[in-house]
Amino acid sequence: MTSIKKHIFSIGIAVIALVLFMYGIRTFYPDPSMDCWSNMPSNDEPSCNSKGGIWTSDNSRSKPVMESPGYCDFNEKCNNLREPYSRNVAIISFVIGLGLLYYGIVGKKIAEQTTAGFVGGGLLIIIAGMIEYWSFLTDATRFFALVLVFLLLIWIGNKYKNYFK
(Lines give C-alpha, C1' and ligand atoms only; values in the text may rest on other atoms or scores of the structure.)
Protein backbone atom coordinates (compact mmCIF):
# COMPACT_ATOMS: atom_id res chain seq x y z
CA MET A 1 0.00 0.00 0.00
CA THR A 2 1.26 3.45 -0.71
CA SER A 3 1.81 5.79 2.20
CA ILE A 4 -1.29 7.90 1.54
CA LYS A 5 -3.49 4.80 1.37
CA LYS A 6 -2.07 3.58 4.70
CA HIS A 7 -2.85 6.93 6.33
CA ILE A 8 -6.38 7.05 4.94
CA PHE A 9 -6.97 3.47 6.06
CA SER A 10 -5.65 4.25 9.57
CA ILE A 11 -7.87 7.33 9.84
CA GLY A 12 -10.83 5.25 8.68
CA ILE A 13 -10.23 2.66 11.40
CA ALA A 14 -9.87 5.40 14.04
CA VAL A 15 -13.10 7.15 13.05
CA ILE A 16 -15.09 3.92 12.76
CA ALA A 17 -13.78 2.82 16.19
CA LEU A 18 -15.08 6.07 17.68
CA VAL A 19 -18.47 5.83 15.98
CA LEU A 20 -18.77 2.15 16.94
CA PHE A 21 -18.01 3.02 20.55
CA MET A 22 -20.51 5.90 20.65
CA TYR A 23 -23.32 3.81 19.13
CA GLY A 24 -22.45 0.94 21.45
CA ILE A 25 -22.90 3.28 24.42
CA ARG A 26 -26.20 4.60 23.05
CA THR A 27 -27.44 1.05 22.37
CA PHE A 28 -26.39 -0.75 25.53
CA TYR A 29 -26.22 2.10 28.06
CA PRO A 30 -28.83 4.72 27.10
CA ASP A 31 -28.82 8.22 28.57
CA PRO A 32 -31.46 8.39 31.36
CA SER A 33 -31.86 12.13 30.98
CA MET A 34 -33.47 11.70 27.55
CA ASP A 35 -36.69 10.54 29.22
CA CYS A 36 -36.48 13.58 31.47
CA TRP A 37 -36.26 16.00 28.54
CA SER A 38 -39.08 14.28 26.64
CA ASN A 39 -41.49 14.88 29.54
CA MET A 40 -40.77 18.60 29.53
CA PRO A 41 -43.77 20.49 28.14
CA SER A 42 -45.48 22.42 30.92
CA ASN A 43 -47.39 25.63 30.30
CA ASP A 44 -48.32 26.50 33.85
CA GLU A 45 -46.75 26.47 37.29
CA PRO A 46 -48.75 23.58 38.85
CA SER A 47 -48.05 21.31 35.88
CA CYS A 48 -44.36 22.25 35.96
CA ASN A 49 -44.02 21.58 39.68
CA SER A 50 -45.80 18.23 39.41
CA LYS A 51 -43.26 17.10 36.78
CA GLY A 52 -40.28 18.13 38.94
CA GLY A 53 -39.43 21.31 37.08
CA ILE A 54 -38.82 24.78 38.48
CA TRP A 55 -41.27 27.43 37.34
CA THR A 56 -39.62 30.68 36.33
CA SER A 57 -41.70 33.80 35.88
CA ASP A 58 -40.60 35.70 32.85
CA ASN A 59 -41.96 39.21 32.60
CA SER A 60 -38.82 40.65 31.01
CA ARG A 61 -39.74 40.22 27.37
CA SER A 62 -42.81 41.15 25.43
CA LYS A 63 -45.09 38.24 24.58
CA PRO A 64 -48.47 37.78 22.99
CA VAL A 65 -51.32 38.01 25.51
CA MET A 66 -52.17 34.31 25.16
CA GLU A 67 -48.67 33.12 26.01
CA SER A 68 -47.79 31.78 29.46
CA PRO A 69 -46.23 34.24 31.93
CA GLY A 70 -43.16 32.05 32.46
CA TYR A 71 -41.53 28.77 31.62
CA CYS A 72 -40.69 25.46 33.22
CA ASP A 73 -36.98 24.83 33.79
CA PHE A 74 -35.99 21.16 33.83
CA ASN A 75 -32.23 21.75 33.68
CA GLU A 76 -31.52 20.90 37.32
CA LYS A 77 -33.69 17.78 37.30
CA CYS A 78 -32.30 16.45 34.01
CA ASN A 79 -28.69 17.36 34.79
CA ASN A 80 -28.94 15.46 38.09
CA LEU A 81 -29.76 12.36 36.03
CA ARG A 82 -27.11 13.08 33.41
CA GLU A 83 -24.10 13.69 35.70
CA PRO A 84 -23.59 10.10 36.93
CA TYR A 85 -24.30 8.77 33.43
CA SER A 86 -21.68 11.08 31.91
CA ARG A 87 -19.16 10.12 34.58
CA ASN A 88 -19.70 6.42 33.84
CA VAL A 89 -19.39 6.96 30.08
CA ALA A 90 -16.15 8.88 30.67
CA ILE A 91 -14.73 6.03 32.76
CA ILE A 92 -15.83 3.38 30.24
CA SER A 93 -14.36 5.37 27.35
CA PHE A 94 -11.07 5.86 29.21
CA VAL A 95 -10.72 2.12 29.84
CA ILE A 96 -11.72 1.09 26.31
CA GLY A 97 -9.64 3.87 24.75
CA LEU A 98 -6.56 2.85 26.75
CA GLY A 99 -7.14 -0.79 25.81
CA LEU A 100 -7.37 0.04 22.13
CA LEU A 101 -4.35 2.34 22.38
CA TYR A 102 -2.33 -0.38 24.14
CA TYR A 103 -3.36 -3.08 21.66
CA GLY A 104 -2.47 -0.78 18.79
CA ILE A 105 1.00 -0.21 20.20
CA VAL A 106 1.90 -3.76 21.27
CA GLY A 107 -0.01 -5.68 18.57
CA LYS A 108 2.81 -7.34 16.65
CA LYS A 109 0.90 -9.65 14.31
CA ILE A 110 -1.34 -7.07 12.68
CA ALA A 111 -0.63 -4.64 9.86
CA GLU A 112 1.00 -1.28 10.58
CA GLN A 113 -1.94 0.74 9.26
CA THR A 114 -4.32 -1.27 11.46
CA THR A 115 -2.28 -0.64 14.60
CA ALA A 116 -2.11 3.06 13.74
CA GLY A 117 -5.90 3.06 13.39
CA PHE A 118 -6.24 1.42 16.81
CA VAL A 119 -3.97 4.05 18.36
CA GLY A 120 -5.98 6.85 16.74
CA GLY A 121 -9.29 5.24 17.69
CA GLY A 122 -8.15 4.81 21.29
CA LEU A 123 -7.17 8.46 21.50
CA LEU A 124 -10.46 9.61 19.94
CA ILE A 125 -12.47 7.46 22.37
CA ILE A 126 -10.57 8.90 25.35
CA ILE A 127 -11.22 12.43 24.05
CA ALA A 128 -14.92 11.66 23.52
CA GLY A 129 -15.19 10.43 27.12
CA MET A 130 -13.55 13.57 28.43
CA ILE A 131 -15.93 15.72 26.39
CA GLU A 132 -18.93 13.77 27.73
CA TYR A 133 -18.12 14.62 31.35
CA TRP A 134 -16.36 17.95 30.77
CA SER A 135 -19.26 20.26 31.69
CA PHE A 136 -19.62 18.64 35.12
CA LEU A 137 -15.97 19.21 36.10
CA THR A 138 -14.49 22.21 37.88
CA ASP A 139 -11.69 24.13 36.17
CA ALA A 140 -9.11 22.63 38.53
CA THR A 141 -10.34 19.08 37.79
CA ARG A 142 -10.26 19.81 34.06
CA PHE A 143 -6.70 21.05 34.36
CA PHE A 144 -5.51 18.00 36.30
CA ALA A 145 -7.34 15.61 33.96
CA LEU A 146 -5.56 17.18 31.00
CA VAL A 147 -2.21 17.03 32.81
CA LEU A 148 -2.82 13.34 33.57
CA VAL A 149 -3.67 12.48 29.97
CA PHE A 150 -0.77 14.60 28.69
CA LEU A 151 1.71 12.83 31.01
CA LEU A 152 0.22 9.44 30.11
CA LEU A 153 0.73 10.13 26.40
CA ILE A 154 4.31 11.28 27.01
CA TRP A 155 4.99 8.11 29.03
CA ILE A 156 3.46 5.91 26.31
CA GLY A 157 5.44 7.74 23.63
CA ASN A 158 8.70 7.20 25.50
CA LYS A 159 8.03 3.64 26.59
CA TYR A 160 7.02 2.52 23.09
CA LYS A 161 9.25 4.85 21.07
CA ASN A 162 10.19 2.06 18.66
CA TYR A 163 6.54 1.82 17.61
CA PHE A 164 6.48 5.44 16.49
CA LYS A 165 9.54 5.15 14.18
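These are my notebook entries on a predicted model of one chain.

**Ground rules**

I number residues from 1 along each chain as its sequence is written, and side-chain values use heavy atoms, with hydrogens and water left out. Because the model is predicted, local features need pLDDT of at least 70 and side-chain atom pairs count only at pLDDT 80 or more, while totals for chains, interfaces and linings use all residues.

**Entry 1: the chain as a whole**

Helices (H or I, at least four residues) and strands (E, at least two) are DSSP runs, numbered from the N terminus. I read the order from the N terminus as α-α-α-β-β-α-α-α.

I then looked up burial: of the 165 residues in the chain, 30% are buried. Buried means under 20% relative accessible area, exposed means over 50%, and partly exposed is in between (1.4 Å probe, protein chains only).

For contacts (heavy atoms within 4.5 Å), I took those between residues at least 6 apart in sequence and noted that 62% join residues at least 24 apart.

**Entry 2: helix 5 against helix 6**

I looked up how helix 5 (residues 112-134) sits against helix 6 (residues 139-159). Their axes are 12 Å apart and the packing angle is about 170°. That makes helix 5 roughly antiparallel to helix 6. Axes are lines fitted to C-alpha atoms, for helices over the stretch in contact, and angles run from 0 to 180 degrees between N-to-C directions. Angles over 145 degrees count as roughly antiparallel, under 35 as roughly parallel, 65 to 115 as roughly perpendicular, and the rest as oblique.

Which residues meet here? From helix 5 I listed Leu123, Met130 and Trp134, and from helix 6 Arg142, Ala145, Leu146, Val149 and Leu153. I sorted the residues of this contact into seven nonpolar, no polar and one charged. Ala, Val, Leu, Ile, Met, Phe, Trp, Tyr, Cys and Pro count as nonpolar, Asp, Glu, Lys and Arg as charged, and the others, Gly among them, as polar.

**Entry 3: the cores**

In soluble globular proteins, nonpolar side chains tend to be buried together. A nonpolar core is a set of buried Ala, Val, Leu, Ile, Met, Phe, Trp, Tyr and Cys residues joined through side-chain atoms within 4.5 Å.

I found nine residues in the largest nonpolar core: Ile13, Ala17, Phe21, Ile25, Tyr85, Val89, Leu100, Phe118 and Ile125. Helix 1 (3-28), helix 4 (75-106) and helix 5 each give two or more residues to this core. Helix 1 gives the most, with four.

I checked Ile25 and, leaving aside its neighbours within four places in sequence, found it in contact with Pro30, Tyr85, Val89 and Ile92. Another core, of five residues, lies apart from the largest one and includes Leu101, Ile105, Val119 and Tyr160.

**Entry 4: single residues**

I found Ile126 in helix 5. Ile126 has a relative accessible area of 5% and is buried. The C-alpha atoms of Ile126 and Ser93 are 5.5 Å apart, although the two residues are 33 residues apart along the chain. Beyond four places in sequence, Ile126 is in contact with Ser93, Phe94, Gly97 and Leu98.

Ser86 is in helix 4. I noted a relative accessible area of 0% for Ser86, so it is buried.
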